[in-house]
Amino acid sequence: MDSCLLEDLWARHQRLFRHIACAIVRDADIAEEVVQEAFRRALGSHFPGSSSEEALLYLKRIVTNTSIDYYHHGRRQALEDDLDQANRVADPPASSPLNQLLEQERQDLEKKRLNVIKREMTKLPPEQRFIIENLVLQESPATLTALSQSTGVPISTLRSRMILGLDRIRESLRKEGLWGVK
Amino acid sequence: MKCEEVDLIGFLQSDLDSSQTSSVAEHLQGCTDCQDRLRLVLEMRKNRKELERLKPAPKSRGYAWPIAAGLVLVALVGYWYSLNHQDVTKLAVVTPYPMVPPELRSPRPQDEFLAAARAYGSGNWSAAEVQLRQYLKSHPEDYEAMFYLANALCAQNKLSESEVVLAKLETRNPQDNRVRWLLANLSLRQRDIQAARRRLDAITHSAGEFHEEATALLKKLPH
């Protein structure tokens, strides 16, 4: 990517990038780190486009993806920190039974959450499941506008259905004590 | 911005323009519900492959049972209706009673009756009616002529008139299975199943004509 164009865009849209990162990682310090990391990734990448609009879109994607990486890494890191804390308290060796037990618990928790999500997905009303399958679970999902045009359902309705579906799954996770757990 | 206006997927896909992105980001920072939804979306996307393997949702899940129950109910009602509201008129035998050829009759009928018999034999029911009425003016008590008149009327769908004539015949000879049979079929054509059954029962309990036909027809009648 043309570094001048990149720097120019970066300078003009830094606030936006921080917003994106902060919305995803929910921590101003980590968001700052995310933005810096995204900038490094952008510099090292080979952006094939030439217009500033395309470049801005590209940068937003890099910031978003980096934020998501940090989000998942952050959750993982938090769990590892907990493990470290447990290790410090008990001071067991790395491959100790306690360590293995905690790791096993983490995996079980992940599995339980996924099972609840799966179960709730199958229970969702078809219209809610449709929107989640086509927007949330697609690697390159269609835009709401495109989906609205293809189904004839208004965008606002599609959004509401997605929110209802997600809230239903979230509520089930909450009821089973699996929401808000790292 | 309201939660319903937040395009989380567009935000994550960087499909929104800068102002929209900024609005969504600002909303996300202040709305715990949308933060939760975003977390859930990220978690689901992370496990996309596992979730994609779920069986496809039945298209009409949620409505399947009511629809199936409705269909069963409709089928049961239809069955019940068909049992109780069977088109009994189709069971009725509409073939008029065959007239004994006049030349075989003894004593030989009068000419007026012969003209009616010819019309009756050729299936010209309206002419037969006219001729028989004419004949009955001079022979009002001729039981056979009245019976064939009833048949000719019946063949023309003049059911009420036919019934009046047959009622007179039945009064005169309650044991005549031909009259009972014709009345029973008239009743069926008028959807009066009870009356038809009563007359058919009477036929089956007698040893006269139409015994087998009446038995067979009784079996076909709805209960």
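**The contact between the chains**

Author: Chain B brings 36 residues to the contact and chain A brings 37 residues; two residues are in contact if their C-beta atoms, placed from the backbone, lie within 7 Å. Helix H1 (8-12), helix H2 (18-30), helix H3 (32-46) and helix H4 (48-52) of chain B each supply at least two residues of the side of chain B that touches chain A. From H3(B) comes the largest share of that side, 10 residues. The model is a predicted one, in which local features need pLDDT of at least 70 and side-chain atom pairs count only at pLDDT 80 or more, while totals for chains, interfaces and linings use all residues. Residues are numbered from 1 along each chain as its sequence is written, and chains are lettered from A and ligands numbered from 1 in the order in which they are written.

Reader: How do the residues of the side of chain B that touches chain A divide into nonpolar, polar and charged?

Author: That side has 13 nonpolar, 10 polar and 13 charged residues. Ala, Val, Leu, Ile, Met, Phe, Trp, Tyr, Cys and Pro count as nonpolar, Asp, Glu, Lys and Arg as charged, and the others, Gly among them, as polar.

Reader: What makes H7(A) roughly perpendicular to H3(B)?

Author: Helix H7 (residues 155-175) of chain A packs against H3(B) at an angle of about 85°, and their axes are 10 Å apart. Angles under 35 degrees count as roughly parallel, over 145 as roughly antiparallel, 65 to 115 as roughly perpendicular and the rest as oblique. H7(A) is therefore roughly perpendicular to H3(B). Axes are lines fitted to C-alpha atoms, for helices over the stretch in contact, and angles run from 0 to 180 degrees between N-to-C directions.

Reader: Which residues meet in H7(A) and H3(B)?

Author: From H7(A), Ile163(A), Leu166(A), Ile169(A) and Arg170(A) meet Asp36(B), Arg37(B), Leu40(B) and Val41(B) of H3(B). The residues of this contact divide into 5 nonpolar, no polar and 3 charged.

**A buried cysteine**

Reader: Why is Cys34(B) called buried?

Author: A residue is buried if 20 or more other C-beta atoms lie within 10 Å of its own, exposed if 12 or fewer, and partly exposed in between, with C-beta atoms placed from the backbone. Cys34(B) has 22 other C-beta atoms within 10 Å and is therefore buried. Cys34(B) lies in helix H3 of chain B. Not counting residues up to four places away in sequence, Cys34(B) touches Cys3(B), Val6(B), His27(B) and Leu28(B).

**Chains and cores**

Reader: How many helices and strands does chain A have?

Author: Chain A has 7 helices and 0 strands, whereas chain B has 12 helices and 0 strands. Helices (H or I, at least four residues) and strands (E, at least two) are DSSP runs, numbered from the N terminus. Buried residues make up 27% of the 182 residues in chain A and 28% of the 223 residues of chain B.

Reader: What makes a set of residues a nonpolar core?

Author: A nonpolar core is a set of buried Ala, Val, Leu, Ile, Met, Phe, Trp, Tyr and Cys residues joined through C-beta atoms within 7 Å. The largest has 50 residues, of which Ala21(A), Ile24(A), Val25(A) and Val63(A) touch the most other members. Helix H1 (residues 3-25) of chain A gives the most to this core, 9 residues.
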